[in-house]
Amino acid sequence: MRVLALCLFILTYVLMIALPKFRPWVAVASGALYVVLGYVNLGEALQSINYNVLLMLAGTMGTVSLFIQSKMPNRLAELLLAKVPNVMWAAAVMSLFAGVVSAFVDNVATVLMLAPVGLAIAAKLGISPVPLLICIAVSSNLQGAATLVGDTTSIMLGGYAGMNFLDFFFMDGRPGIFWAVELGALATIPIVLFIFRKQREPVTLQERTEVTDYVPTVLLGGTVLLLIVASFIPNTPELINGYICMGVFLAGVVYTLIRDRNAHSVKRAFMEIDYPTLCLLAGLFVVIEGVTQAGIIDQISQLFVRLGGDNVFLLYTVIVFGSVLISAFVDNIPYVATMLPVVSGIAASTGAPALLLYFGLLVGATLGGNITPIGASANITALGILRRQGYEVSSGEFMSIGVPFTLTAVLVGYLFCWLVWA
């Protein structure tokens with residue numbers, strides 16, 4: 001049965017890579033098969049779905065639709081383009097900005113907020129938005145590990161290791177993982193400049209967009225602020241981020257109905273929610289639960305111990321780069337949840353510094369998702385947005401950016417954590 005579970009898992013990801021238009025339905029069908037075959041029962045399958053992520057995704061998509069309709073993304077694009085000499089540097093600035101935002105806001109929310117600006121820039125310059133949105137997505141994933149509130153995996157590590165917000169910056173008198181991530185982000189700028197090296201045409205603006213309504217911008221900013229505030233409040237509901245995003249969106253719906261006295265803009269906002277992407281994520285949550293219940297992730301965890309032995313440097317290296325490889329195909333949330341106690345046990349039995357292994361796990365698992373288009377929720381979201389704009393992105397096209405970006409950032413973070421925490 002375990003072999004069958006593994007074969008189905010591999011087949012699922014092969015089909016999603018080979019058939020990008022059918023990814024949502026492949027994931028849903030695979031999740032249903034894990035239930036039918038008895039790896040998970042229906043109750044466990046429903047519980048495995050991260051409703052917080054889905055609610056946050058749907059709510060932010062709706063708010064972003066109102067944001068786009070206000071024409072604010074076009075105005076922001078004009079302000080950005082006015083400060084850079086050419087398209088190449090515009091892409092680099094957008095990539096860095098996405099990373100900064102993502103250090104404090106969930107990666108998916110960051111992509112949803114900045115994708116409209118990227119699309120507006122591409123439209124104004126007459127270029128394809130594909131590489132620009134991919135850079136936004138991978139930059140968002142990179143910086144998610146920088147702070148306690150940047151990503152679900154960071155929150156999991158903080159809870160498990162008893163770390164607070166400031167520990168990510170400095171802990172036990174030494175620089176924390178924040179600095180490893182930031183150095184990695186700076187190291188990726190030459191990658192972005194190389195990708196856009198041929199687009200050195202100067203940026204010229206012929207017209208100025210007038211913003212029709214500033215309330216959607218306030219709502220989007222309010223979403224960011226509330227997500228940050230919620231991260232500091234103890235004992236909040238498990239779905240707090242989803243409630244915030246959906247609550248702000250519904251507030252925008254009420255405001256828009258009162259303002260327009262018709263449902264046209266509201267209907268458009270609900271239609272802009274990417275329901276196939278929501279189905280894709282829901283299906284993947286069930287698939288990963290099935291693989292976990294079959295014991296495959298546990299076996300992978302035990303493999304790390306056998307490969308590393310008692311050599312601290314080898315253990316650390318295996319954890320970092322093994323996590324990169326696994327997270328390229330497996331959602332990093334269940335993987336990190338499984339590996340945290342394993343890493344703790346390795347540190348206790350070998351005498352290796354626990355924080356070194358924790359930080360190595362987070363660097364590898366968070367950044368590894370950037371290698372493939374289905375390795376992280378932010379990537380799936382960005383490609384969903386592009387698909388709605390009429391752009392189908394192949395796995396090869398995504399990986400031509402994701403692979404060098406990931407390897408550069410991981411290598412820098414890997415070396416920094418070893419030098420500081422070994």
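Student: Before we start, what should I know about the model and its numbering?

Tutor: The model is predicted, so local features need pLDDT of at least 70, side-chain atom pairs count only at pLDDT 80 or more, and totals for chains, interfaces and linings use all residues. Residues are numbered from 1 along each chain as its sequence is written, and side-chain values use heavy atoms, with hydrogens and water left out.

Student: How do I read a pair of packed helices?

Tutor: Two packed helices are described by the angle between their axes and the distance between the axes. Helices (H or I, at least four residues) and strands (E, at least two) are DSSP runs, numbered from the N terminus. Axes are lines fitted to C-alpha atoms, for helices over the stretch in contact, and angles run from 0 to 180 degrees between N-to-C directions.

Student: OK, at what angle do the axes of H5 and H7 cross?

Tutor: Roughly 65 degrees, and the axes of H5 (residues 72–81) and H7 (residues 107–125) come within 8 Å. H5 and H7 are therefore roughly perpendicular to each other. As for the labels, angles under 35 degrees count as roughly parallel, over 145 as roughly antiparallel, 65 to 115 as roughly perpendicular and the rest as oblique.

Student: Is the crossing of H5 and H7 left-handed or right-handed?

Tutor: Right-handed. A crossing is left-handed if the near helix is turned anticlockwise from the far one by less than a right angle, and right-handed if clockwise.

Student: Which residues of H5 and H7 meet?

Tutor: Contact means heavy atoms within 4.5 Å. From H5 come Pro73, Asn74, Leu76, Ala77, Glu78, Leu80 and Leu81, and they meet Pro116, Val117, Ala120, Ile121, Lys124 and Leu125 in H7. Sorted by class, this contact of H5 with H7 has 10 nonpolar, 1 polar and 2 charged residues. Here Ala, Val, Leu, Ile, Met, Phe, Trp, Tyr, Cys and Pro count as nonpolar, Asp, Glu, Lys and Arg as charged, and the others, Gly among them, as polar.

Student: Next, single residues. Is Asn370 buried or exposed?

Tutor: Buried means under 20% relative accessible area, exposed over 50%, partly exposed in between (1.4 Å probe, protein chains only). Asn370 has a relative accessible area of 0%, so Asn370 is buried. Look for Asn370 in the loop between H18 (354–368) and H19 (377–388). Its side chain makes a polar contact with the side chain of Asn141 at 2.6 Å. A polar contact is a pair of N or O atoms within 3.5 Å; within protein, one must be able to donate a hydrogen and the other to accept it, and residues adjacent in sequence count only if both atoms are side-chain atoms.

Student: Where is Ala347?

Tutor: In H17 (residues 332–350), and Ala347 is buried at 8%. Not counting residues up to four places away in sequence, Ala347 touches Ala352, Ala354 and Leu357.

Student: What about backbone angles?

Tutor: Most residues other than glycine have a negative phi, and most peptide bonds are trans.

Student: Which residue just after H9 takes a positive phi?

Tutor: Gly162, at about 70 degrees. Asp172 is not a glycine, yet has a positive phi of about 55 degrees. Asp172 sits in the loop between strands E1 (170–171) and E2 (174–175) and counts as exposed at 62%. Arg261 also has a positive phi, near 60 degrees. Find Arg261 in the loop between H12 (240–260) and H13 (264–272); Arg261 is exposed at 79%.
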